[in-house]
Amino acid sequence: MSNKIVLVTGGSRSGKSCLAESLCSGQNNSTAYIATSIPFDEEMADRVKKHREQRSSEWDTYEIYKDVHKEIQIIGSKYRTVILDCITLLVNNLMFDYSLDIENMSTDEIDKMKEYIYDQIEKLMAEIRNTDLYFVFVTNELGMGVMPDNKLSRIYTDIAGKVNQYIAKMSDEVFFVVSGIPMKIKG
């Protein structure tokens, strides 16, 4: 099997989703869009609406964040291109799906949660590698700021950072987007 995995990263509102979508549009007309967002308030629902309007109406959307690896073979049998937007929301949702009381978790409980999330990502990457898909991940780069001052944010940053590093290592190409300008940093 021959596939290609691309990671597009950058800061919030950097233009990374636009780049990812243009990369997918350039491949073919057989694209699935995996949306990991849960619109939990009016503002987030508006963001989701704008993202939907921005992408091709020919693409089919799958709204999933948990056990995405279980859907890859099904999606891969129907499509040739997949975009997953975004990893940082997926991590956030998996964290709060695991526990709503992360602030009060013990170190051992936090380590178990981290392993659960890393396992989700490793299984996803393994499934993608068993397809012929052109697969584009979108994620936020969180490692360019100061260390957060609260426990929850530090845990989130640690997990998302490690997940981003793993996906970047496993990707064939990596793009970093700043102010709408993409820079290819791998591949």
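The model is predicted, with local features needing pLDDT of at least 70 and side-chain atom pairs counting only at pLDDT 80 or more, while totals for chains, interfaces and linings use all residues. Numbering runs from 1 along each chain as its sequence is written, and side-chain values use heavy atoms, with hydrogens and water left out.

Helices (H or I, at least four residues) and strands (E, at least two) are DSSP runs, numbered from the N terminus. Helix 4 (residues 87–98) packs on helix 5 (residues 107–129) at an angle of about 135 degrees, and their axes sit 10 Å apart. Axes here are lines fitted to C-alpha atoms, for helices over the stretch in contact, and angles run from 0 to 180 degrees between N-to-C directions. The two helices are therefore oblique to each other; angles under 35 degrees count as roughly parallel, over 145 as roughly antiparallel, 65 to 115 as roughly perpendicular and the rest as oblique. Helix 4 goes past helix 5 in a right-handed crossing, the hand being right if the near helix is turned clockwise from the far one by less than a right angle, and left if anticlockwise. On the helix 4 side, Ile87, Leu90, Val91, Leu94, Met95, Asp97 and Tyr98 make the contact, and helix 5 brings Glu109, Lys112, Met113, Tyr116, Ile117, Gln120 and Ile121 (contact means heavy atoms within 4.5 Å). Sorted by class, that contact has 10 nonpolar, one polar and three charged residues. For the classes, Ala, Val, Leu, Ile, Met, Phe, Trp, Tyr, Cys and Pro count as nonpolar, Asp, Glu, Lys and Arg as charged, and the others, Gly among them, as polar.

Helix 4 also packs against helix 6, at an angle of about 130 degrees and with the axes 10 Å apart. That makes helix 4 oblique to helix 6, and the crossing is right-handed. From helix 4, Ile87, Thr88, Val91, Asn92, Met95 and Phe96 meet a set in helix 6 that includes Leu152, Ile155, Ile159, Val163 and Ile167. This contact has 11 nonpolar, three polar and no charged residues.

Among the contacting residues are Ile110, Met113, Lys114 and Ile117 of helix 5, along with Lys151, Ile155, Asp158 and Ile159 of helix 6.

On a 1 Å grid over the protein atoms alone, a cavity is a set of points where a 1.4 Å probe fits but cannot get out, a pocket is an open set with protein on both sides within 12 Å along at least five of seven lines, and lining residues have an atom within 4 Å of a point. Grid points are joined across faces, edges and corners, and a volume is the space filled by probe spheres set on the points. The largest pocket holds about 770 Å³ of space. Its lining counts 33 residues, with Arg13, Ser17, Arg47, His51 and Leu89 nearest the centre. Helix 2 gives the most to this lining, nine residues, and the lining as a whole divides into 10 nonpolar, 12 polar and 11 charged.

The second largest pocket comes in at about 160 Å³. Leu7, Thr9, Thr139, Glu141 and Asn164 are among the residues that line it. Helix 6 supplies the largest share of that lining, five residues.

There is one cavity of 30 Å³ or more, and the largest cavity has a volume of about 30 Å³. Tyr65, Asp67, Val68, His69, Leu90, Gln120, Ile121 and Leu124 line this space, with helix 5 giving the most, three residues.

The peptide bond from Asp85 to Cys86 is cis, with omega near 5 degrees, and Cys86 is found in the loop between strand 4 (81–85) and helix 4. Arg13, although not a glycine, has a positive phi of about 60 degrees; Arg13 lies in the loop between strand 1 and helix 1.
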